[in-house]
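Please open the model in a viewer and keep the sequence panel at hand. The stops below proceed by selection, each followed by what is to be found there.

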Amino acid sequence: MAAAALTVDHLTKTFRLHSEKNNSLKMLIAGKKRNRYEEFTALRDVTFDVKEGEVFGVIGENGSGKSTLLKCMAGILQPNAGSVHVSKRMSALLELGAGFHPELSGRDNVFLNAAILGMARREIAGRFDEIVEFSGLESFIDSPVKTYSTGMYVRLAFAVAINVDPQLLIIDEILAVGDVTFQQKCLEKFVDFRNEGRTIVLVTHAMNSVKDMCDRAIWLTHGVVTGEGDPAELVEAYTEMMLGDRNRNEDGSVRRGSGEIQIERVELFVGASETPVKRFRTSDSIRLRLHYRAEKSVPKPVFGFAIEHLGGATVTAPCTRDVGLLPASVSGEGYVEIAMDNVAMLPGTYDLHTSITDFNRQHEYDNLHLALRFDVMTGKPYETGGLVTMRPTWTIQS
Amino acid sequence: MAHRNLLYLLSLKELRTRYKKSILGWAWSLFNPLSQMLIFTVIFIYVFKASAPIGDPSGLKNFPLYFMSGLLPFNFFSITVGVSIGAVQGGAGLIKKVQFPHEHLVFSVVVAQFITLMIELTMLAVAMFIGGNNILPWLPLLFVVLIFLALFSSGVALMLSAANVFYHDINYLWGILSQILFYATPIIYNPATINLRALVLIANYGPTGSFITAIHNIVYDLRVPGTGRLLELAVIGIATFFFGLWVFNRLSPHFAEEM
Ligand SMILES: Nc1ncnc2c1ncn2[C@@H]1O[C@H](COP(=O)(O)OP(=O)(O)OP(=O)(O)O)[C@@H](O)[C@H]1O
Ligand SMILES: [Mg+2]
């Protein structure tokens, strides 16, 4: 059992809500008035711990207390009750960007920030080039950071935070603003960190990152822990809660979309059979059939399927636009079928999500989440790990 | 000190960003006292026909020099406090994002202002020499008094900058208070020539009055202030500093949520 890198013990944090910020002496002199505030409990009796070497996720809706929790961990806010214990050198990146001084150049801010995080000047100088290179801001490093874009700001902050050699890295919503290259870099860095046995606490609304990267997670609702444990399960419960019970069908699927055209049902067939099934074997040929009904004529709809492993990884997500299958319009009832031969998926449980969108994939006519859950049974070939087989040929030379 | 590097960098920032985007830059820190000196010299000597006090035992009789030797230390005090209030308020971006000893925001201002004061006093020393006072042998004693003044200024700055996070009135209040203090301190007048008893008491024995009187003694009169006076300054400086630090440390954990 790994030791705890971070322990949060019965943490409660309340804020005073004044009707308006009464930071004036009048209120102090008027005495009683200042006491007329409401207490707002942002975190209530939160207890959990994070083990060394773990990537730990915190999820929850806007205003549920995630950032407040992280600020308490970082020692920026003082809890009203309970405690936070951190055993390792910590570096925290809170709510988009570290503390930078807007008038100072990127260079000066790197030094200032690293000094705040506890590094000696010589140590910073030694890593400066690495930091700048990681941020990718070589040509802007001597401009004041107030001229930086949001993404540039975060890149620099992230570059500093990970280069001060923290054993515990706390990150609040950073992937949201970086571009693809940078997000990729961050993910790689997270993996490195994990492999080096360092600990990461991550707040994000990107549910796929939680499922892919986290070992464990907690779910906060109005400052209370509503769930703790396996990220995939938590994310599923959370997504379901967020999309609302209203859209939930008796079979467990979740529907949203504007509804001009609707997905009636989705079926899975094996081989040439016309009997719908819920399981097949590796290397079977399958067909997925999506029945739709449109109240009126819908122009250029795009039909999409996504097969997701229970663990959260998307195995494949084809859509009709990818192959240029673009009917000018559809109306009435009909179905779309996708056939897959010799399926390479390995044994496990998978979910099928389906959607019908407009050509730009921006507007959703209908989205049926968890349209079908099916199992892949052991077939040939069989491999113990992974999601799909590449049907390998082995040679051993001796 | 764990965050010595931080203090160094913040002080450097304080010194460097002050006159950014100004053509004359650092020269401004000299123009301000010089223009004040011109104005007050003209008003007091030509309008009010006041005469400069006579240094005892130096025999110096020079209103601009008398004025400057009081103004520079006083400005150090009042600017340090004013800028500190702004530095803590303006440090919100840091305070809300990273954990660090917040008092360094104040200390860095004190360090930067003290360096500025040293430069100004070097110029004053030259002017004094030309005017007939050689203050070179007096510099060690002056330095000791200035250290006490810096401790006193830090204490007041710590207290007010922390309180200002909770009540922004402090900022405005300080603007008025520092003006009142300016006139309650013997800078533009010699307390001996005044017959308003209350003002004489404040000017002679109030905290700022005590510091300025001692500094006048050293650089204008060229004599050692009384032992009682020096002791008083040491006590005021050290006590204010530690009391200010105590208040600041009590309040600073709550800065982030108030900002
Ligand atoms: N300084 C403060 N004073 C008063 N209330 C605050 C303060 N900081 C946060 N809150 C309140 O605490 C609650 C939790 O805020 P928090 O920023 O932790 O939410 P979050 O989970 O991070 O949300 P998001 O997903 O939008 O980032 C909110 O209702 C917010 O209004
Ligand atoms: Mg947040």
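**Cis peptide bonds and backbone**

Begin by selecting A:Pro381, which is found in the segment after strand 18 (364-377) of chain A; helices (H or I, at least four residues) and strands (E, at least two) are DSSP runs, numbered from the N terminus. The peptide bond from A:Lys380 to A:Pro381 is cis, with omega near -5°. This is a predicted model, in which local features need pLDDT of at least 70 and side-chain atom pairs count only at pLDDT 80 or more, while totals for chains, interfaces and linings use all residues. Residues are numbered from 1 along each chain as its sequence is written, chains are lettered from A and ligands numbered from 1 in the order in which they are written, and side-chain values use heavy atoms, with hydrogens and water left out.

Next, select B:Pro57, in the loop between helix 2 (28-47) and helix 3 (63-90) of chain B. A cis peptide bond, with omega about 10°, joins B:Asp56 to B:Pro57.

Then move to A:His10 in strand 1 of chain A. A:His10 is not a glycine, yet has a positive phi of about 45°.

**The interface of chains A and B**

Display both chains. Here 34 residues of chain A are in contact (heavy atoms within 4.5 Å) with 29 residues of chain B. The rule finds 1 salt bridge across this interface, a salt bridge being a side-chain nitrogen of Lys or Arg within 4 Å of a carboxyl oxygen of Asp or Glu. Select A:Lys13 and B:Glu257: they form a salt bridge, with the closest N and O atoms 2.5 Å apart. On the side of chain A that touches chain B, two or more residues come from each of strand 1 (4-17), helix 1 (25-29), helix 3 (106-116) and helix 4 (121-135) of chain A. Helix 3 of chain A gives the largest share, 5 residues.

**A helix pair in chain B**

Finally, select helix 6 (residues 139-166) and helix 7 (residues 169-183) of chain B, whose axes come within 7 Å and cross at roughly 135°. Axes are lines fitted to C-alpha atoms, for helices over the stretch in contact, and angles run from 0 to 180 degrees between N-to-C directions. Helix 6 of chain B is therefore oblique to helix 7 of chain B; angles under 35 degrees count as roughly parallel, over 145 as roughly antiparallel, 65 to 115 as roughly perpendicular and the rest as oblique. Show the side chains of B:Leu160, B:Ala163 and B:Asn164 from helix 6 of chain B, with B:Ile170, B:Asn171 and B:Trp174 from helix 7 of chain B, which make the contact.
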